[in-house]
Amino acid sequence: MLIDWKSREIFSNLRVPDDAMVILRLDGWRFSDLASSLKLEKPYDKGFAEKMVKAVSMLFELGMPITLAYTFSDEISLIFNPPLPWRGRIEKMNSVIPSLVSSFISVELGRRDIAFDSRVVFITGASDAIDYLSWRQEEAWRNHVNSYALYSLEKEGITGRKADEMLRGMKSHEKHELVFKKLGINLAETPAWQRRGIIIRWEEFEKKGFDPKEGKEVVVKRRRVVQDWSPPIFSSGEGRKYLMRALGVDEKKF
């Protein structure tokens, strides 16, 4: 009896509606171990952040229908506008895109053990996208506070389980005080990309050119990928307006 192996690919046709907005969130696999083996600068390594941004920019330039991307630490969130790639097939989105990012970062770092996983987050529109990005930016801030607090203990020679135990019982303001006491750093004045993450998006611009048919100079619209290393706080009024513009949403209709 011949087995229909194709029928056993049980998740291959799982889809989200290809006329819907979705978010794909990628996370690095075992990146804390990787950071240690690569001896990345603590608590933040700008060179690594730049490689993450370059990887995301590469996805834009490959023609993926990404409207906006957000990254911090080893995490990337990609907002897709319809029509979705592969007609919304989740298996494809969750394999091809993290594979592209993994291979790019592997080459950049000269390693063969780089991997990202991913998940699809279904959203109903721009309002969900803004709420989601606000949530992830809050996580970026928590990560920022914890990273500096851990670094301040490591500078004192406290590492591993003992450092984790000391931080586990601390409130946020206590971690702030710890960092200021040990390192003399005010966490509200660290580089914006460390506190708020980085946005990668499209930007439209006008360019002069010559139209041979018309025989005259014309102005044409183009777009390019830009990086915002100092984005606003997304949950603020300014931040919501910023995201609406980046997502191409009419503020009057929002």
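Here is a short chat about helix packing and a sheet in a predicted model.

Visitor: Let's start with the helices. At what angle do H2 and H3 pack?
Guide: Helix H2, residues 46–61, packs on helix H3, residues 90–109, at about 140°. Their axes are 10 Å apart.

Visitor: Which residues make the contact?
Guide: From H2 you have Phe-48, Lys-51, Met-52, Lys-54, Ala-55, Met-58 and Leu-59. H3 brings in Ile-97, Leu-100, Val-101, Phe-104, Ile-105, Glu-108 and Leu-109.

Visitor: How many of those are nonpolar, polar or charged?
Guide: The contact of H2 with H3 counts 11 nonpolar and 3 charged residues, with no polar ones.

Visitor: OK, switching to the sheet. What's the strand order?
Guide: The order is S4-S1-S3-S2-S5-S6, in an open sheet of 6 strands with antiparallel pairing.

Visitor: Which strands are at the edges?
Guide: Strand S4 (116–122) and strand S6 (216–228), each of which pairs on one side only.

Visitor: How about the twist, what does it average?
Guide: From one strand to the next, the twist averages 20°.

Visitor: Which residue in S4 does Leu-24 stand opposite?
Guide: Val-120 is the S4 residue across from Leu-24.

Terms used
Residues are numbered from 1 along each chain as its sequence is written. This is a predicted model: local features need pLDDT of at least 70, side-chain atom pairs count only at pLDDT 80 or more; totals for chains, interfaces and linings use all residues. Side-chain values use heavy atoms; hydrogens and water are left out. Axes are lines fitted to C-alpha atoms, for helices over the stretch in contact, and angles run from 0 to 180 degrees between N-to-C directions. Helices (H or I, at least four residues) and strands (E, at least two) are DSSP runs, numbered from the N terminus. Contact means heavy atoms within 4.5 Å. Ala, Val, Leu, Ile, Met, Phe, Trp, Tyr, Cys and Pro count as nonpolar, Asp, Glu, Lys and Arg as charged, and the others, Gly among them, as polar. Two strands pair if DSSP finds at least two bridges between them.
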